[in-house]
Protein chains: 2
Amino acid sequence: MLENIRIVLVEPKGSGNIGSVARAMKNMGLKDLAIVGGGRTKSFWARAMAVHAKDILQGVRRFATLREAVADCGLVVGTTCRGGLYRDHSRPPREVAQRILSSSARGAKCALVFGPEDHGLSNRDLKHCQWLITIPTHPDYPSLNIAQAVMICLYELSLAALEKAPQEMISRAPAESVERLFDSMRRSLLKIGFLDPQNPEHILLALRRILGRAGLEEKDVRILTGLFRQLEWYAAEGWKVIEEKQKKGLKIR
Amino acid sequence: MLENIRIVLVEPKGSGNIGSVARAMKNMGLKDLAIVGGGRTKSFWARAMAVHAKDILQGVRRFATLREAVADCGLVVGTTCRGGLYRDHSRPPREVAQRILSSSARGAKCALVFGPEDHGLSNRDLKHCQWLITIPTHPDYPSLNIAQAVMICLYELSLAALEKAPQEMISRAPAESVERLFDSMRRSLLKIGFLDPQNPEHILLALRRILGRAGLEEKDVRILTGLFRQLEWYAAEGWKVIEEKQKKGLKIR
């Protein structure tokens, strides 16, 4: 089940950290490492810290954006050590590990996303994440080294895998389908004046959170996409068509 | 309860690793770091990896032997990634964390001991440990970076502390009292021919394991020490005294 899990590092700074992440992955039986943006995997420190996990460094895939790195994933889980407006639904790793394993057991690819060492994941990155993990720490120094944070998450995942997590009830749709749904949602809800054009993401984030918690199957995505396309059509010209039909006493559909 | 827990690094090789251990300790609310033998704490890499935990590096205490480093500890727990003759009673960190917290809640100092990066703890070191931890890993690459291993143990300890572990039933005696008991045990059991002079430690390890599992209070140590001192006396000259008394029809005690 751990084979379906991808580690995604967003703009990692230290190449030694990338090597340490590769070693932690191999220690726990994972192989799929993706990097968004920069990050050197061939440097002396990357290779030195990876020790016997250089094969994972060699297999790294690179993406320009987080959206591309998680496009085929049914579940995207972010990590954060900060609280705050968009982060208060964060849960401890043990709890989220169960959910990840449940999705992974149904064959869905799952991404576990870690931000840059200095700032962590931005709010822009977080909107791609359906769940958030925060590792419990001492308040005096809550910021973990990135490879340490990866290790704790993988340790919980590997224990959860041993316990054989119960299967999730749904087969999650790939993240890219869900992103296209949100694109259509944004366009249509802007047109009907439901979203503030100055800050459309604010309300959209709440919708993302609700749907992320629910989990969307392919057929759910199709239904919701149909709904928002209809709304877009209605907002653009459909209202005229329907008004005309009503005037003439015709059936609307 | 985590304040009573000491991290002991035996002959650590990489100073960057020492820094990473210090950071992991501060992340999880520990302060007490001890080093047996070498290991540089003032180097660039030690300080760089410690980041905001340089205070822990500055507070490091150094000891010539593991025995001295754990002399005041009621519970000494080793870590190993290998199986083998003296290691098959090893348990996963979650299970041992509960026991450590139970002892620590009674006020006993507890040591968590990590071996050198290349070889881990030797059998000589292990005999000081009443419990052993092995972190479950993938068989392809079971050897964790030392700071990663420390982090997983501390993560489990800090979760166990949050759950408020039940109190242990006994107050464990300091390790140095128990070591003196074993010294007396070795001398006396050699004298009576119970231990093989070529390899006295073999049987002693089994005794260490049994008593370690039981846990010894100060009064237990006094009783057992009395027993083996009596045995030593008997083996040295006592038998003659007793034989003499028996010949004369006198009471033995």
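Mentor: Side chains of opposite charge can pair when their charged atoms come close. A salt bridge here is a side-chain nitrogen of Lys or Arg within 4 Å of a carboxyl oxygen of Asp or Glu. In this predicted model, E232(B) and K191(B) form such a pair, with the closest N and O atoms 4.0 Å apart.

Trainee: Which parts of the chain does the pair of E232(B) and K191(B) link?

Mentor: Distant ones: E232(B) belongs to helix 10 (residues 218-247) of chain B, K191(B) to helix 8 (residues 175-191) of chain B, and the two are 41 residues apart. Helices are DSSP runs of H or I with at least four residues, numbered from the N terminus.

Trainee: Is E232(B) buried or exposed?

Mentor: Buried means under 20% relative accessible area, exposed over 50%, and partly exposed in between, with a 1.4 Å probe and protein chains only. E232(B) has 15% relative accessibility and therefore counts as buried, whereas K191(B), at 48%, is partly exposed.

Trainee: Which residues of chain A are joined into one network by salt bridges that share partners?

Mentor: That network consists of R67(A), K127(A), E176(A), R180(A), D183(A), R186(A) and E201(A).

Trainee: How many salt bridges does the structure hold over all chains?

Mentor: The total is 35. One of them joins the side chains of R208(A) and E179(A) at 3.0 Å, N to O. This pair also links distant parts of its chain, with R208(A) in helix 9 (residues 200-214) and E179(A) in helix 8 (residues 175-191) of chain A, 29 residues apart. R208(A) is buried at 8% relative accessibility, and E179(A) is buried at 6%.

Trainee: What is the N to O distance between E217(A) and K219(A)?

Mentor: Their side chains meet in a salt bridge at 3.1 Å. E217(A) is buried, at 17% relative accessibility, while K219(A) is partly exposed, at 45%.

Trainee: What rotation superposes chain A on chain B?

Mentor: Copies are superposed by least squares on the C-alpha atoms of residues with pLDDT of at least 70 in both. The rotation is 179°, with 0.1 Å of shift along its axis and an RMSD of 0.2 Å. That is the relation of a two-fold axis. The same surface serves both copies, as 94% of the contact residues of chain A recur in chain B; contact means heavy atoms within 4.5 Å.

Trainee: Which conventions apply?

Mentor: Residues are numbered from 1 along each chain as its sequence is written, and chains are lettered from A and ligands numbered from 1 in the order in which they are written. Local features need pLDDT of at least 70, side-chain atom pairs count only at pLDDT 80 or more, and totals for chains, interfaces and linings use all residues, while side-chain values use heavy atoms, leaving out hydrogens and water.
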